[in-house]
Amino acid sequence: MQTVGEVGERAMIALFTAAAAERDDTGGDVVIGSGDDAAVLAGAGPVVVSTDTAVAGRHFRFDWSTPEQIGARAVVQSAADIAAMGGALSGLVVSIGCPPQTPVDRVLALNEGMVAQTHRFGGRVLGGDLVSAPVVVLTVTSLGTLDGVAPVTLSGARSGDELAVSGRLGGAAAGLAVLSAVEHGADPVLAQRFSTLVERYRLPQPDLTQGPIAARAGADAMTDISDGLVEEIVTMADASGLGVDVDSAALPRPNGLDALAAELGVDPIRWALAGGEDHELLAAFAPGTTPAGWTVIGTVGRRGGGATVDGRPVGDLRGWQSFSEA
């Protein structure tokens, strides 16, 4: 099995370019795509840009997910930020860091996952970089367009708004709990019985078209749920200076979540509130304007009210923390 170090950087980048070219259509706003020193886009309006990094052992594990799933998941993570501004993904650039002894097939599979997921979202891989690193690191920078709508910010929530989410919450956290339980001695059949939740962890499938839909519906504020719902309402409350309250009983949860929670002795609401990595969207809408398909889960209240769940401060109920020991 060849390694990345044996094949070399230039040859690997040529393979990436060929893989992207196989899926790319000509035309659109891409003047020059993958393969040159930089991509060139022809845009007529504002461009939305976001970047995210995932590190092996911290954000993903190769013994829990396939390289294709890991690559695709990195794209979902970055593209969700574009949707949270009301934009649609048009393209992305990718940086892959890996040890020289990494098998070529693994890196090509990571790239294939990223290319395939980008095309599912209607975008193109425009290029990137490959560098040596102590562990595998994926950095995805996404570019999007607003198609004539105003960007939806975090700070625009208004008192009296309805708080709503675009999909079900807690599935990724539940899937992670399954894999962790099996690793610590639970019957491996558990992963088979709750395979749909495991898949929600391995590759979340949010409907990111809901970002532009929310923008066209006049959303006052929006963000994606990456670090957990509680983290996002804290951020939205701080940005707007208003109180943001969630009704925990209203949270939409995926099938099987409550059954798994009962089996593991966990409160399923905690997964929905603090789990994160579902990458669904959270938005504030004027009363009565929440789009079909969204679920109202709370309200925006008085100035300085902070973030609350069921009327109580969130306290130590928090989501993903990048620099925590966990």
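Student: This is a predicted model. Why is Asp 310 called partly exposed?

Tutor: The relative accessible area of Asp 310 is 31%. Buried requires under 20% and exposed over 50%, so Asp 310, at 31%, counts as partly exposed. Asp 310 is found in the loop between strands S12 and S13 (312-313).

Student: Is His 279 buried or exposed?

Tutor: His 279 has a relative accessible area of 5%; the cut-off for buried is under 20%, so His 279 is buried.

Student: Why does Glu 277 count as buried?

Tutor: Its relative accessibility is 18%, and buried means under 20%; Glu 277 therefore falls in the buried class. Glu 277 is in the loop between helix H11 (268-274) and strand S10 (281-285).

Student: What makes the pairing of Glu 277 with Arg 73 a polar contact?

Tutor: The two side chains approach to 2.7 Å, and the limit for such a pair of N or O atoms is 3.5 Å. Beyond four places in sequence, Glu 277 also touches Ala 172, Tyr 201, Pro 204, Ile 225 and Ser 226.

Student: Which polar contacts does the side chain of Ser 166 make, with side chain or backbone?

Tutor: The side chain of Ser 166 makes a polar contact with the side chain of Glu 280, at 3.1 Å. A polar atom of the Ser 166 side chain also lies 2.8 Å from the backbone nitrogen of Leu 281. Ser 166 sits in the loop between strand S7 (162-165) and helix H5 (171-183). With a relative accessible area of 12%, Ser 166 is buried.

Student: How do you know that H5 is roughly perpendicular to H7?

Tutor: The axes of H5 and helix H7 (residues 195-202) come within 7 Å and cross at roughly 110 degrees. Angles of 65 to 115 degrees count as roughly perpendicular, so H5 is roughly perpendicular to H7. Among the residues making the contact are Ala 172 and Leu 176 of H5, and Leu 197 and Tyr 201 of H7. By class, the contact has 8 nonpolar, 2 polar and 2 charged residues.

Student: Why is H9 described as largely enclosed?

Tutor: Of the 12 residues of H9, 9 are buried, so H9 is largely enclosed by the rest of the structure. The buried residues include Leu 229, Ile 233, Val 234, Met 236 and Ala 237, as well as Glu 231 and Glu 232.

Student: How do you know that the length of H9 agrees with its number of residues?

Tutor: At 1.5 Å a residue, the 12 residues of helix H9 (residues 229-240) should span 16 Å, and the end C-alpha atoms are 16 Å apart, which agrees. H9 is followed by Gly 241, whose phi is positive, near 75 degrees.

Notes. Residues numbered from 1 in each chain as written. Predicted model: local features only at pLDDT ≥ 70, side-chain atom pairs only at ≥ 80, totals over all residues. Heavy atoms only, no water. Helix = DSSP H or I, 4+ residues; strand = E, 2+ residues; numbered from the N terminus. Expected span 1.5 Å × (residues − 1). Buried < 20%, exposed > 50% of the residue type's maximum accessible area, 1.4 Å probe, protein only. Polar contact = N/O pair within 3.5 Å; in protein donor to acceptor, adjacent residues only side chain to side chain. Axes fitted to C-alpha atoms, helices over the stretch in contact; angles between N-to-C directions. Parallel < 35°, antiparallel > 145°, perpendicular 65-115°, else oblique. Contact = heavy atoms within 4.5 Å. Nonpolar A, V, L, I, M, F, W, Y, C, P; charged D, E, K, R; others polar.
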